[in-house]
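Please read this briefing with the sequence and the model side by side. It goes through the chain by topic.

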Amino acid sequence: MSKPLNAVPAEDGDTMGDLIPLRPARTEAEQDTHYEVTLDEEPTPDVVLVQAPEPVSERHPIIPAELRGWSTIRAAAQHAAGRLAHQTGYHAVRAPRYTVLGCFWAGVGVFRLLGRHLRWWWVTEQYGLRQGAADRHDPEMWMKLHREVKATRAWRGLVLLGEAIGVAVAAGEVITGPGWLTVAVLAGTTPALARVGRPSDRRIISPAVVTPRFRKLNPDIVLRAYYAAKLGDPDKPGQQVHFGSTMSRDGNGSRVLIDLPHGKGLDDAIKAKPAIASGLDVSLSQVFITRDPTSHRRHVLWVADRDPLAIPAGRTPLLTCKPTDIWAPAPFGLDERGNRVSVELMWNSVLVGAQPRQGKTFSARALALYAALDPYVKLSVFDGKGSPDWRKFRLVADRCAFGLAMTRDGDPVELFIDSLREIKADVQDRYQRLSELPVDVCPEGKLTREIARDPRYRMPVRLVVIDEFQEYFDLPDPDATKEVAALLVFLVKVAPAAGVIVLGATQKPSGIGSGQVAQQFNAFRDNHQIRFSLRTGSWQVSDLVLGSGAYSEGYDSSTLLPDYKGVGILRGASDVTPTVRTHLADAQDAEKILTAARAYRQRARTLTGMAAGEEVTREVRDVLADVRAIYNPGERGLHWQQIAARLADAHPEHYADLTADAISAQVRAFGVPSVDVKRSGLTLKGARADAINTAIQRRADR
C-alpha cells in the first residue's frame, strides 16, 4: 500500500500519540499548478500529523535529600548540632553584656511607655482638627471638638488610673512574694521593655553567624545585566539575549547558558565581564564566564553566591605523610566550586608562573612534595634565586643546587649543568633500552610502573624542579647560558615521554636573553603541557604563562585580586580550566613531609646522590669556565693566589693542590694576560674577568 503524501506515519510500536488530520484533500480548483490541465489526480487520503505527548511534569521527592539514608541524616544532625553549639557558646560569653544593655534600654522603655500613655490620654491626635477649626474661624466646630476631647480625656484618665492601681498592686505582690516570682517577672518584662526602649538601628543581641550577601539570580536580573553591558538590545529585532538552558543551582552558585545575539561572541562577554558583575550586583570575582564548544556566541555563566576564591583550601592532605604513587594524580587544591583538583604528573611537564609573593613557589613545591613521598621517584631540585623554600629537599634530592653564587658545595651553575647533561644522557639511554626490551615486559615501548620500580632496569621516574628558571638563561658566562638553554629545551620536549617530569617556575616569563637564547627560552616556556598561572600583571603575561589563546577563551590571571595567595588558573591538566585554590604547605609542613619521605626512601633503599652523602664529581674539566665561575658578580679582577684558593674550595677533586703559578700558566695558555690587579689596597698579578670572557668567546668562535 502506498504511503500518503505529506503524512508522517507512526513507526511500529510508536506510542507518541494519535494521528490528527490537518486538512481534507484539496480539490482540483484548489491545486496549485502551472498547467491548464491536471496531469495526475491528487491522492484522496487525509493528511495526518503525529501529536506529541504532553511533557511529563517534574516531581518533587517525597523524602527530602537530606533525610535519605543514615549517613545524610547523621551529617544533617551534626551540622545542626554544631551550629546550635556555636550559637550557644557565642551568646553565653556575651550574656553579661546583654544583661547590662537590656536593663539600660528597659529603663528607657519605661519612660517611652509613660510618654505614649500620656499622649494617648491627652488625645494629641485631635489637635490638628481644633487648630483647623480655629484657622477657619469656626467657633461652633471648635467648641464641639473641645467638649469631645474633654470627655475623652476624662474617660481615658479613669482607664489610666485603674491601670496604675493594677500595676502598683502587682508590683507590691511581686516585691513581697517569693524570689523566684520576682526573677520570673523581671525576666519576662525586661526584654519587652528593652525592645520598646532601644533605637530601631541598635541591636542588643548580635547574630552569632554572619549571613553573607547573596543576590538570588533570576532570568530578569541576568538579562538586565547583559543589556546594561551593551551585549544586546531588548528593543531591536535580532539583538535580544536568549537562554540556552534554564537557570539551575551548581554547587555554591547559579549556572545558565547564554546565547548572545548574532555578531556577539565570547570575546565581547569577557571584555564586558566587569559590567556584567555590576549589573548582577556582585563582585567581579564571583562571575565566571567559560566557553561552550557548540557555538562561539554561546557561553556558560556561573555566578557564585559569595567570593569562592577568598576561602582558603586548607592544609595539604600530604600532611598524613603516607606514601604516594607518582602514577596517580597529585592533589593540588579546590576549584571555584569546591571540587577537588588534581594534577597528572606522569608524561607531563608543568609550568608555574606569577608575580612575586603570590604563592608561586608554594604551588610548585606542593607538587614536588607529592613526588618526594613516592620513594621510587628520583628528584633533582634547582632554585635560581637561592631562597630557603627548597633547601629542605636536601633530605631526599639526588642532586640540588640553590642560587648562582659559589658555595661550600661548589659552583651551583656547574652542578646544574652537569646534572642536566647526566639527565639528557639518561633520557637518550632510556629510549634505546626501552626499544630493546621484550614485548611482554614493555608492551607499548614506553616506561611502565613495573619497569620504573624494578631496580634491575635502572629507569626510575625522575622529577626535575627548576624554580626561577629565567636566572639560568642569563648567566654571566654566555657559553654556559647557551648550553643550559639547549639542555632545558631538549628535556622539556623529549624527557617527559621517557618518564622524566619537568617542573618549572618563573616570575618573568618573557624578555629573557637575546638571539638564539631568547628563542630557546620561549621554546622552553611554551612546551609545557600543564600550566598554572597565579596573579600576573597583564593579560599578555597571563597568555605567556597559560599559553596562546587563553585570554580569548576567557582565562586571564591578571584579574585575580592581590589578596589571593596561592590562587591561580590551571590549564591543560584536564578538559576544563578551573581557578584553583592550592593547598597550603608551609616550611614546617614541608620539613615534616620531607622527613617522612626520607624515611620511606631509606626503607626502600632508594636514597641516592647528595641525599645519601655521595660525592658529586664533575664529568669534564674546563679551566676557563671554572675560573670564570668563581668570579662573584661585580668583581672585575682577582689575584692568582685568590683564583687558586677559590678553585681548590670549589672543585677539590681537580684543584686541591693547585698553586698560583700553576693556574697562571694554565690560564695564560688560552691567551689571557697576567696583569696587575688591585684588591683591598694590594696590587698583585692576576687575571681580569673581561679577558677571561674574551678567551672563552674566542674559543667558541673557532
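The structure is a predicted model. The chain has 20 helices and 20 strands. Of its 702 residues, 40% are buried.

**The chain as a whole**

- Among the contacts in the chain with a separation of 6 or more, 66% are between residues 24 or more positions apart.

**Helices H10 and H12**

- Helix H10 covers residues 412-436 and helix H12 covers residues 478-494.
- The axes of these two helices come within 10 Å and cross at roughly 35°, and the crossing of H10 with H12 is left-handed.
- On the H10 side, the residues that meet H12 include Phe-416, Leu-420, Val-427 and Tyr-431.
- On the H12 side, the residues that meet H10 include Ala-480, Val-484, Leu-487 and Leu-491.
- The residues of this contact comprise 13 nonpolar, 1 polar and 3 charged.
- Arg-421 and Lys-424 in H10 and Glu-483 in H12 are among the residues in this contact.

**Aromatic rings**

- The whole structure holds 15 aromatic pairs.
- Phe-469, Phe-473, Phe-521 and Phe-524 form a cluster linked by ring pairs.

**Charges over rings**

- Arg-153 lies over the face of Trp-122, at 3.6 Å from the ring centre.
- Lys-446 has its charged end over the ring of Trp-347, 4.4 Å from the centre of that ring.

**A buried lysine**

- Is Lys-360 buried or exposed? Its relative accessible area is 5%, so Lys-360 is buried, the cut-off being under 20%.
- Lys-360 is part of helix H9 (residues 360-372).
- Leaving aside neighbours within four places in sequence, Lys-360 is in contact with residues including Val-352, Asp-467, Glu-468, Thr-506 and Leu-534.

- Most residues other than glycine have a negative phi.
- Lys-230, which is not a glycine, has a positive phi of about 65°.
- Lys-230 lies in the loop between helix H6 (219-228) and strand S3 (242-243), and its relative accessibility of 64% makes it exposed.
- Cys-321 also has a positive phi, near 60°.
- The loop that holds Cys-321 runs between strand S7 (298-304) and strand S8 (330-334).
- Cys-321 counts as buried, at 11% relative accessibility.

- Where is Gly-499? Gly-499 lies in the loop between H12 and strand S14 (500-506).
- Gly-499 is buried, with a relative accessible area of 1%.
- Gly-499 and Val-461 are 38 residues apart in sequence, and their C-alpha atoms are 5.1 Å apart in space.
- Not counting residues up to four places away in sequence, Gly-499 touches Met-346, Trp-347, Arg-430, Leu-447, Pro-460, Val-461 and Arg-462.
- One of these residues, Trp-347, is the one whose ring has the charged end of Lys-446 over it.

Key: Residues are numbered from 1 along each chain as its sequence is written. This is a predicted model: local features need pLDDT of at least 70, side-chain atom pairs count only at pLDDT 80 or more; totals for chains, interfaces and linings use all residues. Side-chain values use heavy atoms; hydrogens and water are left out. Axes are lines fitted to C-alpha atoms, for helices over the stretch in contact, and angles run from 0 to 180 degrees between N-to-C directions. Helices (H or I, at least four residues) and strands (E, at least two) are DSSP runs, numbered from the N terminus. A crossing is left-handed if the near helix is turned anticlockwise from the far one by less than a right angle, and right-handed if clockwise. Contact means heavy atoms within 4.5 Å. Ala, Val, Leu, Ile, Met, Phe, Trp, Tyr, Cys and Pro count as nonpolar, Asp, Glu, Lys and Arg as charged, and the others, Gly among them, as polar. Rings of Phe, Tyr and Trp (its six-membered ring) pair if their centres lie within 6.5 Å; planes under 30 degrees apart count as stacked, over 60 as edge-to-face and the rest as tilted. A charge sits over a ring if NZ of Lys or CZ of Arg is within 6 Å of the ring centre and within 35 degrees of the ring normal. Buried means under 20% relative accessible area, exposed over 50%, partly exposed in between (1.4 Å probe, protein chains only).
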